[in-house]
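Trainee: I've got the sequence and the model open side by side. Could you show me how to read a few features?

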Amino acid sequence: MNDSSWDAPAGSGRGGPHQGPAPAGPAHEGRPAAQTRPMPIVPDVPAGGFQDGHGRGAAHPSGPLFRDETPHEHPQEPMSSRTPPPPPAPPAPRQKKTAGRNLGAAIGVGVGLGAVIIASLFIWKAAFVGVVAVAVVVGLWELTSRLQERKQIKAPLVPLAVGGAAMVVAGYVRGAEGAWVAMALTALAVLVWRMTEPPEGYLKDVTAGVFAAFYVPFLATFVSLLLAADDGPERVLTFLLLTVVSDTGAYAVGWRFGKRKLAPRISPGKTREGLVGAVAFAMAAGALCMQFLIDDGSWWQGLILGLAVAASATLGDLGESMIKRDLGIKDMGTLLPGHGGIMDRLDSLLPTAPVVWLLLALFVGTG
């Protein structure tokens with residue numbers, strides 16, 4: 001082989017003898033050409049950018065060349081175009097306590113009922129008996145209507161209404177014996193009246209009817225017994241005043257100072273502080289009434305009477321609350337704006353009437 005011949009560099013893909021003179025240039029001065037370093041193969045960049053050998057993010061090739069440059073992937077808005085954070089919301093105003101009813105309507109209806117009661121009580125006793133009988137009939141209608149609507153209990157209203165009015169009148173005319181006889185006849189009438197319908201539900205219907213006869217008209221007959229005494233109007237007025245004052249004291253003190261619940265499962269609005277207010281107000285009113293309204297009465301008897309009235313009025317209110325909770329209703333009716341129905345006003349009066357009658361009979365006699 002001729003000495004002027006040379007092998008092509010490795011990797012050139014060519015070999016064999018050299019053809020012709022070498023081109024001029026510094027790379028071809030008769031010395032072997034230097035081995036060039038191959039370019040590394042750059043893989044495709046993943047979406048998340050480069051990572052080093054430890055799994056940490058490395059500099060992106062397309063990142064900024066200088067520190068003050070902004071990357072194209074995460075452009076930053078100028079400070080002037082940023083939306084300022086919203087101002088902090090002002091604190092919610094403290095809600096005032098409310099009575100839960102229309103006080104204006106409640107006061108107006110209360111004053112109107114009071115005027116009717118006082119006028120009939122001191123002008124003509126028989127008229128007041130009529131007012132009590134009407135209240136009893138309306139109360140029975142409300143109670144039986146709610147029982148049928150909410151529990152499908154059909155207590156017969158007709159014998160209850162007739163027997164209830166008769167009970168009130170019999171108590172005034174014939175005394176306690178007349179009231180008991182009227183109650184027994186009313187219960188019998190309920191049993192017989194219900195026999196005219198199919199037997200399904202008979203037991204629950206007549207049980208509810210007898211309960212309604214005792215709960216509304218029979219307890220109301222003790223108002224007639226109070227009225228039958230010589231100083232009957234004063235006794236009835238004492239009974240009404242003490243019950244109203246007890247309810248008012250419970251509401252006023254409970255609304256202002258009430259914190260500890262009295263019976264949260266039955267009536268969440270009643271508090272122990274309200275009960276204390278009811279007792280204090282009723283005892284004060286009882287001392288005044290017994291001293292100045294009842295013949296031969298004494299102030300200390302009024303203290304006992306007021307305490308008993310506060311207890312019976314509270315229990316009566318809780319008792320009807322139990323009935324309304326069982327029925328799933330707030331009020332028994334809507335006849336009296338701001339008050340609900342007649343039964344919502346009789347709840348504390350009905351159980352209080354026999355308590356006042358009994359204590360007055362012990363203190364000063366039946367008159």
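**Reading rings, charges and surface**

Mentor: Start with Phe218, which counts as buried because its relative accessibility is 4%; buried means under 20% relative accessible area, exposed over 50%, and partly exposed in between (1.4 Å probe, protein chains only). Keep in mind that this is a predicted model, where local features need pLDDT of at least 70, side-chain atom pairs count only at pLDDT 80 or more, and totals for chains, interfaces and linings use all residues. Residues are numbered from 1 along each chain as its sequence is written, and side-chain values use heavy atoms, with hydrogens and water left out.

Trainee: How many aromatic pairs are there in the whole structure?

Mentor: Rings of Phe, Tyr and Trp (its six-membered ring) pair if their centres lie within 6.5 Å; planes under 30 degrees apart are stacked, over 60 edge-to-face, and the rest tilted. A search of the whole structure turns up six such pairs. Take Phe218 and Phe222: their ring centres are 5.8 Å apart and the planes sit at 85 degrees, so this pair is edge-to-face.

Trainee: Where do Phe218 and Phe222 lie?

Mentor: Helices are DSSP runs (H or I, at least four residues), as are strands (E, at least two), numbered from the N terminus. Both Phe residues are in helix H4 (residues 202–227), four residues apart, about one turn of the helix. Phe222 is buried too, at 14% relative accessibility. Ring pairs also tie Trp180, Phe214, Phe218, Phe222 and Trp357 into a cluster.

Trainee: What about a charge over a ring, say Arg256?

Mentor: The test is NZ of Lys or CZ of Arg within 6 Å of the ring centre and within 35 degrees of the ring normal. Here the charged end of Arg256 sits over the ring of Phe257, 5.1 Å from the centre.

Trainee: Is Ser267 buried or exposed?

Mentor: Ser267 is buried, with a relative accessible area of 10%. Ser267 belongs to strand S2 (residues 267–271). Contact means heavy atoms within 4.5 Å, and leaving aside residues up to four places away in sequence, Ser267 touches Leu318, Ser321 and Arg325.

Trainee: And Leu191, where does that one lie?

Mentor: Leu191 is in helix H3 (residues 157–194), and at 32% relative accessibility Leu191 counts as partly exposed.

Trainee: Last one: how do I read the overall layout?

Mentor: Count the elements, then follow their order. This protein has nine helices and two strands, and along the sequence the pattern runs α-α-α-α-α-β-β-α-α-α-α. Of its 367 residues, 36% are buried.
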